[in-house]
Amino acid sequence: MEWTKVNYALILMVLCFSMPLLGQEFYRPSEVTVRMGETLPESFFSTPHKAIDMATGEDRQIILGDYKDKLIILDFWATWCKPCLYSMNKLDSLQSAMAGEAFVVIPVTGQNPAEMAPAIRKYRWTTPSIVGDRTLARIFPHQGIPHQVWIKNGKVLAIPHWTSATSDHIRQVMAGRTPQMPMNIVDWQFDPDSPILQPVVGKTKLYRKNKHSMICGKIPGIGTENLQIVRKEDSTVLYALNLPISVLYYQAFKDDIFPSYSVYRGAIDWQISDSLRSVLLARRPKLLMGNTAREDSLFVDWENNHLYSYELRYPGNISDKEAYAIMRKDLNTFFGEYRGIQGDIVPGPKMRYGILKPIESREKTLQLLQAGLGVERPADSTEYHFANGQYRSQLYSLMVQTPLNHITDVELSEVAPVDSTRLDPELRVGIHFPKAMLKGWPLNRVNLELKRYGLFIQIEDKQPPLLAIKETTAE
């Protein structure tokens with residue numbers, strides 16, 4: 001039972017942490033955004049904020065300048081967010097246990113007192129909360145909650161992951177030290193019009209610099225950015241930021257890898273020694289609610305040692321294929337020297353799998369899929385009917401992938417079917433089909449249903465390509 005409760009809580013934490021700020025305006029970085037290390041203006045400390053005493057429910061006013069001589073922890077939260085409630089309970093307990101020490105917790109929410117009333121009655125926290133906020137969230141934009149900002153001596157000291165609010169970290173900060181805490185920030189807005197990695201040289205590890213490209217370590221103050229290509233009038237820019245080696249290699253070679261493989265399943269065959277595997281593919285430590293300061297430090301160390309950033313700025317316009325070829329060469333040159341490995345596309349194990357194809361043309365299939373948009377059919381308990389469905393979730397997943405998982409007359413490998421239609425996954429479609437086809441039909445009956453929409457499944461027996469990363473030097 002305990003295991004189930006813990007995992008349920010962790011699932012809620014992940015969902016809430018990645019969830020947009022429901023119930024209030026979504027704030028993006030603007031001209032008033034304050035970054036880590038910057039000094040806050042006097043107006044920040046003199047502005048009054050409407051607040052509520054969460055022990056009594058009475059109205060209050062908070063002026064942050066009243067706490068300027070302390071470590072201020074702003075904790076953005078909402079009553080519907082389960083991890084926020086956990087964080088509030090934790091911070092309230094910390095503040096009670098550390099009473100008299102020079103720090104203060106100030107919760108901040110965009111909700112109004114009426115929305116907060118049930119939580120206030122239930123928890124009776126001792127810390128008053130700023131309510132109806134539309135100011136602080138603009139200064140400290142965020143995409144998920146809980147979200148914390150630590151302020152000391154008039155400056156933004158840290159914007160850590162909310163699990164890092166521990167007595168150890170708080171006391172280190174009050175003693176003038178800088179603890180290693182995972183940060184929850186998008187502090188630096190990169191601009192493809194200007195060199196991306198050049199400004200961060202000196203703030204991170206510079207691994208390799210060529211005439212047109214650079215490889216760095218983790219860039220502080222910015223999140224993950226998957227591989228992007230931007231074409232300017234005079235150049236082609238390709239960049240990928242803060243990615244593990246497996247993801248960086250996968251994205252550089254992705255166009256030639258079997259599309260049903262993923263970076264963590266099937267796409268890469270690591271032909272390296274166990275000792276090198278333990279270095280390159282060390283598991284990322286987890287950010288959990290009960291993490292200690294040491295566990296947070298291990299997480300930060302892992303990111304500093306295992307995340308890489310790449311940038312190519314090539315004069316003139318080149319094709320995607322040419323840009324990827326340069327990146328592949330750069331990765332192999334760098335990691336060949338640094339770790340003695342090389343990546344290349346090779347045939348993988350022989351597999352039998354399905355490929356979804358148009359019968360005539362992509363245009364004809366598109367026409368048939370959209371002919372039924374908005375068309376209602378008589379209620380029928382034996383059929384699924386989607387008058388305004390989505391191509392990926394309703395047609396591909398329900399009409400193709402699930403029936404192939406239960407196909408009765410063909411033995412298939414355990415990979416997702418390949419979609420060769422090039423249709424937009426978000427495409428709206430009007431479709432209907434028997435529920436029974438999801439439970440086990442022969443291929444010809446599945447194809448008969450798909451034929452209505454100009455589609456069919458073809459079975460292939462091939463060695464689909466994958467990325468082999470081989471060790472080229474002896475230990």
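The lining of the second largest pocket has 11 nonpolar, three polar and three charged residues, where Ala, Val, Leu, Ile, Met, Phe, Trp, Tyr, Cys and Pro count as nonpolar, Asp, Glu, Lys and Arg as charged, and the others, Gly among them, as polar. This is a predicted model, in which local features need pLDDT of at least 70 and side-chain atom pairs count only at pLDDT 80 or more, while totals for chains, interfaces and linings use all residues. Residues are numbered from 1 along each chain as its sequence is written, and side-chain values use heavy atoms, with hydrogens and water left out.

Of the 17 lining residues, Ser-246, Tyr-264, Trp-270, Leu-281 and Ala-282 lie nearest the centre of the second largest pocket. Two or more lining residues come from each of α7 (245–253), β12 (268–271) and α9 (293–306), the helices (H or I, at least four residues) and strands (E, at least two) being DSSP runs numbered from the N terminus.

Turning to the backbone, the peptide bond from Ile-145 to Pro-146 is cis, with omega near 0 degrees, and Pro-146 sits in the loop between α5 (136–139) and β6 (147–152).

Arg-124, although not a glycine, has a positive phi of about 50 degrees, and its place is in the loop between α4 (113–123) and β5 (129–130). Arg-422, also not a glycine, has a positive phi of about 65 degrees and belongs to the loop between β17 (418–419) and β18 (428–434). Arg-124 counts as partly exposed because its relative accessibility is 42%, whereas Arg-422 is exposed, with a relative accessible area of 66%; buried means under 20% relative accessible area, exposed over 50%, and partly exposed in between (1.4 Å probe, protein chains only).

Key: On a 1 Å grid over the protein atoms alone, a cavity is a set of points where a 1.4 Å probe fits but cannot get out, and a pocket is an open set with protein on both sides within 12 Å along at least five of seven lines; lining residues have an atom within 4 Å of a point.
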